[in-house]
Amino acid sequence: MSVFAALVSQLASVLEPLFASSATAAAIVLFTLGVRLALHPLTRAAVRGEKARARLAPHVAELRRKHGRDPERLQRATAELYAREGTSPLAGCLPMLLQLPVFFVMYRLFSASEIGGRANELLGDRLFAAPLGGHWADALRDGGPLGAQGIVYAGLFTLIAAVATWTYLRARRAMAAGAPDAAAAEAGAGAGMPGMPAMAGMAKVLPLLSFGTLITAAVVPLAAGLYLVTTTTWAAAERAWLLRSRDRGRGRGREREGVPGR
């Protein structure tokens with residue numbers, strides 16, 4: 001984690017002529033974007049896994065209708081189906097899990113008061129009037145919600161709420177339209193595949209979790225809040241772009257097969 005801290009500090013030194021006292025805040029944003037960009041191949045792999053599950057969902061549902069009274073045979077037939085296609089019902093989950101340690105380290109970097117027994121220097125700078133190591137409660141005590149610090153937090157919360165609302169509405173529209181990801185999870189759950197019941201439940205809960213970031217940002221240091229708003233904004237835009245590209249690919253495939261696109 002100290003290596004990441006050194007990198008952010010060096011980046012802040014480079015940005016200081018442009019951002020003055022807010023250079024560290026700008027460095028946090030740019031560094032977080034760099035990490036997310038480096039992890040982009042894993043996200044693409046996760047979306048490919050979702051596509052594979054969506055493509056096989058009708059076949060899994062058919063197996064469920066055929067072998068619904070024989071759970072062992074159903075599970076064996078479903079496993080054989082995924083094996084023939086060279087994928088698994090959990091395809092795409094591993095890349096997402098591999099990102100968690102990185103996100104944990106990044107979050108700790110921007111929220112820990114000490115690093116290696118020494119004070120976390122990243123939290124000593126400011127974003128405009130608000131110290132990066134400060135909390136929203138501190139801002140409320142020092143000037144209230146409309147004070148200099150309070151306005152900084154108000155801008156942060158507004159951006160997080162906008163991203164959360166956009167993510168929530170997209171997820172709800174996708175579920176209402178019978179999104180293939182949710183269908184695949186439900187079909188896999190019915191087939192008794194490991195991990196599928198949890199995925200089916202997550203498909204219903206995830207749209208609400210986007211608002212959890214807003215609550216978290218209200219209690220963590222401002223530096224961690226900056227990290228959260230940056231990574232969640234990137235994640236929302238990245239997923240929207242990848243899914244849009246996937247849908248365009250489907251449309252071109254239908255046109256080649258002589259099926260008019262919708």
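Biologist: Let me start inside the protein. How many residues has the largest nonpolar core, and which of them have the most contacts inside it?

Modeller: The general idea first: in soluble globular proteins, nonpolar side chains tend to be buried together. A nonpolar core is a set of buried Ala, Val, Leu, Ile, Met, Phe, Trp, Tyr and Cys residues joined through side-chain atoms within 4.5 Å. Buried stands for under 20% relative accessible area, exposed for over 50%, and partly exposed for what lies in between (1.4 Å probe, protein chains only). In this structure the largest such core has 37 residues, and V8, F110, L132 and L222 have the most contacts inside it. Two or more of its residues come from each of α1 (2–19), α2, α5 (93–109), α7 (148–176) and α11. Another core, of seven residues, lies apart from it, with L56, V60, L63 and Y82 among them.

Biologist: Before I go on, what kind of model is this?

Modeller: This is a predicted model, in which local features need pLDDT of at least 70 and side-chain atom pairs count only at pLDDT 80 or more, while totals for chains, interfaces and linings use all residues. Residues are numbered from 1 along each chain as its sequence is written, and side-chain values use heavy atoms, with hydrogens and water left out.

Biologist: Thanks! How many helices and strands does the secondary structure come to?

Modeller: Helices (H or I, at least four residues) and strands (E, at least two) are DSSP runs, numbered from the N terminus. The protein has 11 helices and four strands. Of its 262 residues, 39% count as buried.

Biologist: Back to the core, then. Which residues is L222 in contact with, leaving aside its neighbours within four places in sequence?

Modeller: Contact means heavy atoms within 4.5 Å. With those neighbours left out, L222 touches L127, A130, P131, L132, G134, V152, Y153 and L156. For the whole protein, take the contacts with a separation of 6 or more: residues 24 or more positions apart account for 70% of them. Q149 counts as buried because its relative accessibility is 11%. Beyond its neighbours within four places in sequence, Q149 is in contact with A129, A130, P131, A139 and D142.

Biologist: Now helix packing. At what angle do α2 and α3 pack?

Modeller: Axes are lines fitted to C-alpha atoms, for helices over the stretch in contact, and angles run from 0 to 180 degrees between N-to-C directions. Under 35 degrees counts as roughly parallel, over 145 as roughly antiparallel, 65 to 115 as roughly perpendicular and the rest as oblique. Helix α2 (residues 23–38) and helix α3 (residues 40–67) pack at about 45°, with axes 4 Å apart, and therefore the two are oblique to each other. On the α2 side the contact is made by R36, L37 and A38, and on the α3 side by H40, P41 and T43. These residues divide into three nonpolar, two polar and one charged, where Ala, Val, Leu, Ile, Met, Phe, Trp, Tyr, Cys and Pro count as nonpolar, Asp, Glu, Lys and Arg as charged, and the others, Gly among them, as polar.

Biologist: Last one: what is the phi of A20?

Modeller: Phi of A20 is near 50°, a positive value in a residue other than glycine. A20 lies in the loop between α1 and α2. F128 also has a positive phi, of about 55°, without being a glycine, and lies in the loop between β3 (126–127) and β4 (130–131).
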